[in-house]
Amino acid sequence: MVLPPKLRDLSRESVLITGGGRGIGRHLAREFAERGARKIVLWGRTEKCLKETTEEIRQMGTECHYFICDVGNREEVYQMAKAVREKTTKAFLPRMLELQNGHIVCLNSVLALSAIPGAIDYCTSKASAFAFMESLTLGLLDCPGVKATTVLPFHTSTEMFQGMRVRFPNLFPPLKPETVARRTVEAVQQNQALLLLPWTMNILIILKSILPQAALEEIHRFSGTYTCMNTFKGRT
């Protein structure tokens, strides 16, 4: 008999979510609140969205704060990190290691492992983030209490990916953001290092490791991923 994995208790945890004002970030905030997180801190660039999410989480009975921050700006990130530590939480890796408690989550994309035409910058950044997290995860193996999780979802039905189309949408439907959020929090609670969504993406990784490039190109053409960005209307 295989027992289900023991879920991590979140009742004493503070959660920092970047991009927490909308999309998957907002759903993550809801999911962590529903599962009993003690405090939630949101970072983002749009104050209106951050306020809306913060008010919603507070109505759920969870302490929540937000900060306007562009995570692409290093100086701004350091300034906000100091503000977050002073207000709520004791965050980031050095402090996590000191306390022997923490979890770093990277919500990435399956495009980190299988790029498509028309999204060079996006795929490159995701591949870089995947390599970073892979190295970090291995580096934390001997660090008790500190874990890392990388999530690689397929096409998600958010405004970021609006207009993206594949040839067989019934076979490869876009993921719902609430599903990605739920599975991500479950992965955190189970200390799962890598999560591909849906599970069929594991087959893609296997095929990439055994098939020649010419065969992979034909699969791209047949599935429609070769032209899926032709109708893209989302935000970058």
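Why is strand β2 (residues 39–44) largely enclosed by the rest of the structure? Six of the six residues of β2 are buried, so the strand is largely enclosed; buried here means under 20% relative accessible area, with exposed being over 50% and partly exposed in between, for a 1.4 Å probe and protein chains only. Before we go on, please keep in mind that this is a predicted model, in which local features need pLDDT of at least 70, side-chain atom pairs count only at pLDDT 80 or more, and totals for chains, interfaces and linings use all residues. Residues are numbered from 1 along each chain as its sequence is written, and side-chain values use heavy atoms, leaving out hydrogens and water.

Let's stay with β2 for a moment. In a regular strand, side chains alternate between the two faces of the sheet. In β2, Lys-39, Val-41 and Trp-43 point one way, while Ile-40, Leu-42 and Gly-44 point the other way, and all are buried. Helices and strands are DSSP runs numbered from the N terminus (H or I with at least four residues for helices, E with at least two for strands).

Now look at the neighbours of β2. The strand belongs to an open sheet of three strands in the order β1-β2-β3, with parallel pairing; two strands pair if DSSP finds at least two bridges between them. Strands β1 and β3 (63–68) are at the edges with a single partner strand each, so one side of each has no neighbour in the sheet. Neighbouring strands here are turned by 15 degrees against each other on average, direction ignored. Five bridges join β1 (residues 14–18) to β2. Along that pairing, Val-15 stands opposite Ile-40, and Thr-18 stands opposite Trp-43.

Next come the helices. Helix α1 lies across β1 and β2, at about 170 degrees to β1, and α2 lies across β2 and β3, at about 175 degrees to β3. Axes are lines fitted to C-alpha atoms, for helices over the stretch in contact, and angles run from 0 to 180 degrees between N-to-C directions.

Helix α1 also packs against α2 (residues 47–59) at an angle of about 15 degrees, with axes 10 Å apart. The two are therefore roughly parallel (angles under 35 degrees count as roughly parallel, over 145 as roughly antiparallel, 65 to 115 as roughly perpendicular and the rest as oblique). In this contact (heavy atoms within 4.5 Å), Arg-26, Ala-29, Arg-30 and Ala-33 of α1 meet Cys-49, Glu-52, Thr-53, Glu-56 and Ile-57 of α2.

Helix α1 (residues 23–34) has another partner in α6 (residues 177–189), packing at about 50 degrees with axes 8 Å apart. That angle makes α1 oblique to α6. Among the residues making the contact are Ile-24, His-27 and Leu-28 of α1 and Pro-177, Val-180 and Ala-181 of α6.

Finally, find the other sheet. This open sheet has three strands in the order β4-β5-β6, with parallel pairing, and its edge strands are β4 (102–107) and β6 (194–197). Six bridges link β4 with β5, where His-103 stands opposite Lys-147. Four bridges link β5 (residues 146–153) with β6, where Val-151 stands opposite Leu-195. Strand β5 is mostly covered, with seven of its eight residues buried.
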